[in-house]
Amino acid sequence: MTLTQVWGSVIIFTVCPLLGGLPLISWITYVLTGSQLAHLGTGNVSVSAAFYHGGPLVGILAVGSEALKGIVAVLIARYFFPTEPTWELIALIMLVMGRYWMGKGAGTTNVVWGVVVHEWKTASLVFLIAGISFTILRERRSGRLGVLILFPLILALLHPENPARIIVAIALSFLLAWIYHKIPDDLDLPPEEGKVKSQRVFRFFRGDKAIISLNSKLDPCKVGQKAATLSQLKRCGYPVPTGWVLPPGDDPETLIKYLPVSDAEPLVVRSSAIGEDSELSSAAGQYQSVLQVKTATGLRAAITLVLDSYHHPVAVDYRRQRQLPDTAMAVLVQKQVLGVFSGVAFSRDPISQQGEAVIIEGVAGDATQVVSGRVTPQQYRVYIREYKEQGSKTARENSSSPIEEGTTNSNPQSQSPLVNICCQIEGSGDLPSSLIEEVAVLARRLEDHYHGIPQDIEWSYDGQQLWLLQARSITTLQPMWTRKIAAEVIPGLIRPLTWSINLPLTTKIWGEIFTLVLGKRARGLDFQETATLHYSRAYFNATFLGQIFRRMGLPPESLEFLTRGAKFSKPPIFSTLRNLPGLLRLLGREWRLDTDFEKDYRQLFAPTLSQLETTPASESSPAVLIERVEIILEALNRATYYSILAPLSMSLRQALLRIEDRELDNSQTPEIASLQEISQLAADARHLLSLEQVTDRSSPSLFTALVEIPDGQSILDQLYQFLESYGYLSEVATDIAVPRWKEDPRVVRQLFAQFLNEPPPIPKPPKRQRWKAEVVQARLNLKGQVTQVYSQLLAQLRWSFLALETIWLKSGLLSEPGEVFFLEFSEIKILVVDADEQLKEQVPQLVQQRREQLEKHRQLKTVPFLIYGNSPPEPVASDYSLQVHQKLLQGIGASSGQLEGIVRVVVNLQVTPRIDKRTILVVPYTDSGWAPLLARAGGLIAEVGGRLSHGAIVAREYGIPAVMDIENATEVLRDGQRVLIDGQLGIVELLD
């Protein structure tokens, strides 16, 4: 390279960017119009912005100024590198970079004229092909993409001998494509708001097609959510009437001339405002609709009326109250359905905000009578339930493997499941029941289509076909709160102290996991919205979590798949690829999860637990107890991370490697290890006692007999050591308000007595594991270790607060045991650290109010699993009556086998009933502390949970069938009822 060329390259890399950033368009516009483009419209300083805001003269001068820049850049490079045309393209790249970063423009005009000077043959061919395609197809974005592909392609065909030139041309195309993606497009602005003389040209280059139908893919940002939604639903096969769309600012005459208007086929003209029918704002009833349009003149007047309604004072006030921007109005024209019956439907009850009912309102005639409120419609409540027909007990009895009462069959013969829909209709009127069911199913299908967001639909039936006229989100029924997973993570009634500890820990860790994947796209997400309390019970924000999982490129039901074994839909490939770097970071964490835990156990968990055990909380002052709590919370923060990731990691590996539950050994989980240890202890004691003593189920007399036997004290010492080892377990390990076994060992003593009299079956050791099973087994063992550490830390946290409560009971600040759990942790810190006298005076009132609220919620006969919207009303009577009339209840199969037995409903462990191997336990949830009770039963049915539930693990270990996730099981089923459960298929059959 010569010295001249060195100087040339320096000039190209410095002068060309400065030339690109020179604001000639801005100066021209300001001089001729007094306007500053940077403060108008999109903020772009571009040729199209000059035409739009300044008119034809300003636009033409803008084209000339930017064309001159491109020509000058090419000529500079040609002067210094006359034989190397590659440098001319490099000069254009530098010019475009300056144009974008300093001049707020894309540089399209610069490149166009620069390429004309650079290689006129290539430019001519590109313009010819692209011009013809754009004029015919009228697709602006496709046209741009086509030009960017054609340019390097044609250049390569004409000059294959110069690969460097081709590579730089490709780089220039990629740069322009990236800039087009980053900056807003001035051509998206409404043409009618631009200069009058520029509107015709502007509409041409916008690429708007003359006629836009609902069969086309429509952008809600251009034609409004209503039209875009109906377009999408029509293309998905839903029964949407034929229709057309007039975008904002388009001349309606072309559409008016095209549409067939007659008395025989009347049209309906409706609004489709940008921002209307969104998830946050429905704008229902704010804009005009015109029916029975039968002439071209009437169509013209109807379009004008609909457009004018956007500026009506009521509509303007509606947008201002909801802080919605003033945008534009598209017009939707459809063939009018001549309805025999019409109405509206809500996929969920907008009043009660809960339950399974679809609310339908209908009248004879068209739907406007219902929407307008001029006629009182007939109302119906429809309960829909889908279930899989697996065949009745009679069919099973005719098979080769009959089932006898009290026995299990691990290899049931099943029939292929068929999905059936059962509807129960409440209400009476003129609407045919078949039509009511069809409308209800349509509403629920639309809800599923939109990821569980409740839908408000308008429908009409013409005597032959049910038509969907409109579908929009019920904005008052968001977000959706679910107790499905939450009821297993932290079940039952939750006191303020428990929630003030668990919520920050859980949401913080979930936030870290989501942020790890999403990176910058996690900004603005408030992870405190992940969970809340309703009726003193925990609920997860299903809407929020679904949005996050979709943003991560995963299906919205990902969490239920990993925690409960629910169905997993195929994730969208492009979204997954977009999040691939973040997902790989998460997989990296998963890969080293065991080594990270071992390190944290040595450096954090083991030292913390040792320190807590050597310094009893009962001997500490309030200030020291707060310090002790902070130490525990620091360890719990890290333990929560493992308690979330370890089960997810195990589920993921088990699903990917397709390992059956029976191939895994659960002996290292606390619930199984504790059962095996007490079972062995009972076996050691059995030979020391007489038959009469062994069969005596009275715990006091049994332990009295052990004291009197020479070797009995050794058994009692081992039992005491058992409580020292597993005393941290409880009915609900995650709730620090619930006593631990160490505090109330009755359940352990009862299990010991039961095992003395009825030795449990010895679990079959798993067969030699394949390498795949060993991979999953390692994660299962890790999950057990994490559960132990997590539960021990929570137990120490409880005992620390109990020690503080003891001090406050003596001082008179609290009056009864358990009251400390009605205070939040922040309040406790203020009372101890700041000694706030005002808060001290308020404590009795706070405790009383919160206790009364908890008791009020305890008395609720039914608590919904799903709630729609914030601040729901008091729960309505449960709508599980449909389940009662079903012979089969469908849940999640968690432990294989079949059993016909007698139901025993147990809602908590305060009263432990007498059960045997013919008993099928029906429980609201399971935790580690339920293991002693579950081990004595013949089968298990739970309202919540999945294959990873504590109850499912115990059931598999002892070979008893288990079915999880049977909604309202403790209400639908009753004591003494005969049922048949199939733990493989997840079915409960009611025999009585």
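User: How many helices and strands are in the secondary structure of the protein chain?
Analyst: The secondary structure comes to 38 helices and 23 strands. Both are DSSP runs numbered from the N terminus, with helices being H or I of at least four residues and strands being E of at least two. This is a predicted model, where local features need pLDDT of at least 70, side-chain atom pairs count only at pLDDT 80 or more, and totals for chains, interfaces and linings use all residues. Residues are numbered from 1 along each chain as its sequence is written, and side-chain values use heavy atoms, with hydrogens and water left out.

User: Okay, what share of the residues count as buried?
Analyst: Of the 992 residues of the protein chain, 53% do. Buried means under 20% relative accessible area, exposed means over 50%, and partly exposed is in between (1.4 Å probe, protein chains only).

User: And which residues have the most contacts inside the largest nonpolar core?
Analyst: Those are Leu636, Leu793, Leu797, Trp808 and Ile828, in a core of 77 residues. A nonpolar core here is a set of buried Ala, Val, Leu, Ile, Met, Phe, Trp, Tyr and Cys residues joined through side-chain atoms within 4.5 Å. Elements giving it two or more residues include helix 20 (496–518), strand 14 (537–541), helix 26 (622–657) and helix 32 (771–811). Helix 26 supplies the largest share, 14 residues.

User: What does Leu636 touch?
Analyst: Leaving out residues up to four places away in sequence, Leu636 touches Leu505, Tyr790, Leu793, Leu794 and Leu797. A contact means heavy atoms within 4.5 Å. There's also a second, separate core of 57 residues, with Leu689, Leu716, Leu723 and Ala753 among them.

User: Why would nonpolar side chains be buried together?
Analyst: In soluble globular proteins, they tend to be.

User: Switching to the outside, which residues form a nonpolar patch on the surface?
Analyst: Tyr30, Val31, Leu32, Leu57 and Leu61, with about 520 Å² of accessible area together. Patches are made of residues with over 30% relative accessible area and no salt bridge; like charges are joined within 9 Å, and nonpolar side chains (Val, Leu, Ile, Met, Phe, Trp, Tyr) within 5 Å. A salt bridge is a side-chain nitrogen of Lys or Arg within 4 Å of a carboxyl oxygen of Asp or Glu. Areas come from the Shrake-Rupley method with a 1.4 Å probe, and for residues only the protein chains shown count as cover.

User: Where does the largest share of that patch come from?
Analyst: From helix 2, with 3 residues. Leu57 lies in helix 4 and is exposed, with a relative accessible area of 56%.

User: Now the backbone. Which peptide bond is cis?
Analyst: The one from Gln478 to Pro479 is, with omega near 0°. Pro479 lies in the loop between strand 11 (466–473) and strand 12 (480–482).

User: What about the phi of Gln292?
Analyst: Gln292 has a positive phi of about 55° although it isn't a glycine. Gln292 is in strand 4 (residues 290–293) and is partly exposed at 38% relative accessible area. Asn968 has a positive phi near 55°, and Asn968 counts as buried at 8%.

User: Last one: how many disulfides does the structure hold?
Analyst: 0, where a disulfide is a pair of cysteine sulfur atoms within 2.5 Å. As for cysteines, Cys16 is buried at 0% relative accessible area, while Cys236 is partly exposed at 46%.
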